[in-house]
Amino acid sequence: MAKKRKKKKGKKKGSGFGRKLLWLIPIVIAIASLFVKDISIGYYDRANGLSGAALKTAMHDIIRDHTYLDFDEKTTARYWWDNYFKKTDWSSEGYFIDMYSNEKHPTYVGGNVQNREHCMPRSWWGKRDKYSSYDANGDLHNLFPSDYNANAAKSNLPLGEVGIAKFDNGVSKVGINTYPKGYRGQVFEPADEYKGDFARVYFYMLTCYEDYAYDWKPDATKSMLQTTAYPGLQPWALEMLIKWNNEDPVSEKEIERNNEVYKIQGNRNPFVDCPTLVDHIWGNKKDQPFYVAKDDKINRQPQIKDLLFKVVNEYNLK
């Protein structure tokens with residue numbers, strides 16, 4: 001007599017490990033997003049142990065190679081607003097973040113309303129008919145959405161601190177520089193909440209394009225820059241930018257923007273990632289070796305480890 005086969009006991013569909021796996025998916029996605037947003041640990045390792053001019057050049061070597069973004073020939077302002085600024089300068093409240101004015105546009109209007117603005121003027125490194133031959137021309141770390149009138153007032157002026165303003169929209173000012181021992185011409189002054197942002201962009205540009213130093217144009221060298229790779233800035237300008245960097249620390253907006261630019265362009269602004277870097281290159285620690293610290297924005301290992309630990313314990317996946 002043939003024995004009846006015992007039916008194998010199976011788990012109900014969607015129960016047990018299957019359900020755990022379903023709940024695990026969003027956690028795995030969250031972990032993956034950390035790796036996408038923040039580069040792998042080790043990006044700045046070549047700069048560890050260096051200081052001063054050597055540290056600046058090491059950072060230059062790390063960030064110099066990146067994707068060239070066309071600014072003039074095959075793209076338009078609308079393209080930049082819709083494809084780049086929508087990712088890098090978009091507020092969760094539904095408008096473009098404009099460091100030059102209080103305007104809050106939810107879409108690109110164009111014309112005499114909005115612009116793409118080079119934080120460091122592109123006339124500082126090239127001539128009008130040669131702009132597109134310099135890869136700095138389309139560097140997204142140096143380009144921001146801007147109000148048209150503020151952009152026109154800023155023009156190719158250096159940064160500075162204004163006394164009596166000939167242009168003042170409540171965020172941006174233009175007037176004679178009053179910074180002690182500084183350049184005495186017309187300058188552009190951003191709002192206090194963005195002074196650190198501008199300083200860190202300038203530090204980035206001087207570092208990433210250290211190889212441009214020999215060719216800085218007169219508008220740059222008569223005001224803020226020097227035709228040397230190090231220190232690269234006039235003493236008064238360096239002092240002012242360090243002050244701005246210290247008084248307006250890195251914000252969450254800058255961190256998020258740095259991450260988004262990295263996804264698009266493939267390089268980062270190390271002065272956003274590593275708050276002590278300015279001190280080790282130009283400041284009071286320029287004779288002390290630099291090391292990427294655990295609290296630097298670039299280092300997310302503790303966050304990732306904690307998240308993985310939580311997943312294992314929450315879902316008993318041992």
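Analyst: A salt bridge is counted when a side-chain nitrogen of Lys or Arg lies within 4 Å of a carboxyl oxygen of Asp or Glu. Side chains of opposite charge can pair when their charged atoms come close. The model shown here is predicted, and it holds 16 salt bridges.

User: Which residue forms a salt bridge with Lys253, and how far apart are the closest N and O atoms?

Analyst: The partner of Lys253 is Asp197, with 3.2 Å between the closest N and O atoms. Lys253 belongs to helix 8 (residues 252-265) and Asp197 to helix 5, so the pair ties together parts that are 56 residues apart in sequence. Lys253 counts as partly exposed, at 21% relative accessibility, whereas Asp197 counts as buried at 4%.

User: Which residue pairs with Glu254?

Analyst: Glu254 forms a salt bridge with Arg200, the closest N and O atoms being 2.8 Å apart. Here too helix 8 supplies one partner, Glu254, and helix 5 the other, Arg200. Glu254 is buried, with a relative accessible area of 7%; Arg200 is buried as well, at 1% relative accessibility.

User: How many residues does the largest nonpolar core contain?

Analyst: A nonpolar core joins buried nonpolar residues through side-chain atoms within 4.5 Å. The largest one in this model has 58 residues, and Leu159 and Trp216 are among those that touch the most other members. Helix 5 gives this core its largest share, 10 residues.

User: Against which helices do the buried residues of helix 2 pack?

Analyst: They pack against helix 5, helix 9 (270-273) and helix 10. The buried residues of helix 2 include Leu55, Met59 and Ile62.

Key: Residues numbered from 1 in each chain as written. Predicted model: local features only at pLDDT ≥ 70, side-chain atom pairs only at ≥ 80, totals over all residues. Heavy atoms only, no water. Buried < 20%, exposed > 50% of the residue type's maximum accessible area, 1.4 Å probe, protein only. Helix = DSSP H or I, 4+ residues; strand = E, 2+ residues; numbered from the N terminus. Contact = heavy atoms within 4.5 Å.
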